Amino acid sequence: MLKNFLGSSPVWFKFTIVFFLIFNVFSLYILGPTLTAWFFIAEFIFTLAMALKCYPLQSGGLLAIEILILKLTSPEAAKVEVIQNFEVIFLLMFMVAGIYFMKPLLMYIFSKVFIKVKSKVILSLLFLTLSAVLSAFLDALTVTAVLISVAVGFYGIYHKIQSADTDYNASGILDRKELSGETLEEFRAFLRSLIMHGVVGTALGGVCTLVGEPQNLLIGEKMGWDFVAFFVHMAPITLPVLVAGMFTTIFLETTKTFGFGRKLPRPARTIIENYTLEKDRNRTPSQKYGLIIQAISAVFLIFGLAFHIAPVGFIGLGLIVIQTAFMGIVEEHSLGKAFEEALPFTGLIVVFFVIVAMIHDQHLFHPIINWALSLEPDHQPVVFYVANGVLSMISDNVFVATVYIGEVKNAFDAGQISADQFRRLAIAINTGTNLPSVATPNGQAAFLFLLTSSLAPLINLSYGKMVKMALPYTIVLSVIGYLGVLFFL
C-alpha cells in the first residue's frame, strides 16, 4: 500500500500527507473548525508547492475529500462555487485543446521571433507587453495556454535536435553534444525567464479592463460600468503599474538577478536557426495548407474573443471543429491528445473550489471585512487593497474579490457608505486582488496552470522558483498599486 500510495512521490511526502489527514481530525475536535480550516489552506498550499514531486490533484484531492467528510463545507456549496466559475472550467476544457491544433502556426511565428530578435531585453519586453495587451482583451488563461504551447514546442525542437545525429551548424561536433550539459541548463533558464515575463504580463493587462479577469466582470456588473468606464476608473492605478512592470523587466534582464537574464546559447541559436530553415524548405503542401487553416482559425479566435460573440469555451470548441474538420483530423485518438494538457488541471481547479467553499462556509475573511468597514472612509481603500492583496496571495483572487465586492455592495445598499466611497472601494478591490496575487501560484489560475503544466518540469520551474522569480514583480506592482490607491483614490 505504501509503495502504491501516491506512486513515485518521496516517502517523506507520503507520510506528510498521511499525517495531515490524521492531524486534521484531531484538530477539528480540539481546536475547532476555524483553525482547522486555516490548517487545510496551509496544507493545500504545501501540495501545490510540491507539484513537481506529486501532481496536486491527488494529494490536494485527498484533503478536499476530508474537508467534505468533516463537514467544513458541503458538496452543494462546492457545486455552487464550481457553477459560479464554470466559464473558467469551460475555457480549460475546450480553449486549451483548440490552441493545441494551432501549435504548428505558433511555432512557425515564434521560431522566427526567437531567432530574429537577438536582444534578450527586447525579447522579454515583447513577451511581457504582448501578454499584457492580449490579456486586456482576451483571457489570462488563454494567453498563458498560448505561451505554454510555444515554449513546449520550442523545447521540443531543441530536444529533437539533441536526440539526433545531426550537425546543423557544421561545426564538426554532433549537435547533441553541443546542446547538452551547461548549454541545456542555459536554454532552460532562457525559456523559464521568458515564460515568467509573459505570465506576469497577463496580470498586468488583466487588471486594466472589464474582460481581463473573471472578477473584473463581477465588479463591473456591481458598479454598472461598461468596458470604457471600467478602463477609465482603473487607469490612474493600472497604467503606472504597467509602466513600472516594463521597467522591472528591463532591470531584471540587465542585472541578471532573481533567475532572469540568461540568453539563448549561441550554439543553440545557430543550430535551431538552421533546423528551422530546413523545416521551411521541406514543408509539404499539406503542411502549408494546415498553416493557412490555422491562420484563419487564429483570426476567428481573435475576432470571437474581442467581440465576445460567445463564452470562451464555445469559441474554443469552435476552433477545434474548424481546424480538425478542414485539416482532416477525424480519428478519436488524435482528438484525445489535445485534451491531455488541460483536463488534469481542470480536475485540480474543481478540487480548489472545495477549498474555496470551505473558506466561504467558515467565514474566514469576514472579520477582516467587518474591521475594514469600521475604519474612517479615507483609510478604507488602502486597507481593502492590502487585505485583498494578502488574501489573494494564499487564496484564489476571484473568490476574494467576489466575497469583498459582495460585502461592500451590501454595505452600500444598507446606506453605510456613499456612492463615491463604493466606487473607491471597488477600484481598491480590483487592483488589490489582481496585483499582489502574482506572489504565488495560489492567487491566479494562470500561474497555477503554468506550475502544473507539462512545461514546468521541462524547464525546472518549481513552486519555489516561481515565487522567487515573481518576487521583484510582486514588490514593484504591489507598492506602485498601493501608492496609486493612497494618492489617487
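Colleague: Which residues lie nearest the centre of the second largest pocket?

Modeller: This is a predicted model, and in it Pro-104, Met-107, Lys-279, Arg-283 and Gln-287 lie nearest the centre of that pocket. They belong to a lining of 24 residues.

Colleague: And which elements give two or more residues to that lining?

Modeller: Those are α6 (103-116), α8 (140-162), α13 (266-281), α14 (285-306) and α15 (312-327).

Colleague: Which of them has the largest share?

Modeller: That's α14, with six residues in the lining of the second largest pocket.

Colleague: How does the lining of the second largest pocket split by class?

Modeller: You get ten nonpolar, nine polar and five charged residues. The volume of the second largest pocket is about 670 Å³.

Colleague: OK, on to the largest pocket. What's its space?

Modeller: About 1000 Å³. The lining of the largest pocket takes in 45 residues, and Gln-84, Asn-85, Pro-214, Gln-215 and Val-398 are the ones nearest its centre.

Colleague: Which helix gives the most to the lining of the largest pocket?

Modeller: Helix α17, residues 343-361, which puts in seven residues.

Colleague: What about classes in the lining of the largest pocket?

Modeller: There are 28 nonpolar residues, along with ten polar and seven charged ones.

Colleague: Switching to aromatics. How many aromatic pairs turn up in the whole structure?

Modeller: The search finds 23 aromatic pairs. Take Trp-12 and Phe-13: their ring centres are 6.0 Å apart with the planes at 90°, so that pair is edge-to-face.

Colleague: Why does 90° make Trp-12 and Phe-13 edge-to-face?

Modeller: Because planes over 60 degrees apart count as edge-to-face, and the planes of Trp-12 and Phe-13 are at 90°.

Colleague: Is Phe-13 buried or exposed?

Modeller: Phe-13 counts as buried, at 0% relative accessibility. Trp-12, on the other hand, is partly exposed, with a relative accessible area of 45%.

Colleague: What sort of pair do Phe-13 and Phe-46 make?

Modeller: A stacked one, because the planes are at 25°, and under 30 degrees counts as stacked. The ring centres of Phe-13 and Phe-46 are 5.8 Å apart.

Colleague: Where in the chain do Phe-13 and Phe-46 sit?

Modeller: Phe-13 is in helix α1 (residues 11-30) and Phe-46 is in helix α2 (residues 33-49). They're 33 residues apart, so the pair links distant parts of the chain. Phe-46 is partly exposed, with a relative accessible area of 23%.

Definitions and conventions
Residues numbered from 1 in each chain as written. Predicted model: local features only at pLDDT ≥ 70, side-chain atom pairs only at ≥ 80, totals over all residues. Heavy atoms only, no water. Phe/Tyr/Trp six-rings, centres within 6.5 Å; stacked < 30°, edge-to-face > 60°. Buried < 20%, exposed > 50% of the residue type's maximum accessible area, 1.4 Å probe, protein only. Helix = DSSP H or I, 4+ residues; strand = E, 2+ residues; numbered from the N terminus. 1 Å grid on protein atoms, 1.4 Å probe; cavity = no way out; pocket = protein on both sides within 12 Å on 5 of 7 lines; lining within 4 Å. Points joined across faces, edges and corners; volume = space filled by probe spheres on them. Nonpolar A, V, L, I, M, F, W, Y, C, P; charged D, E, K, R; others polar.
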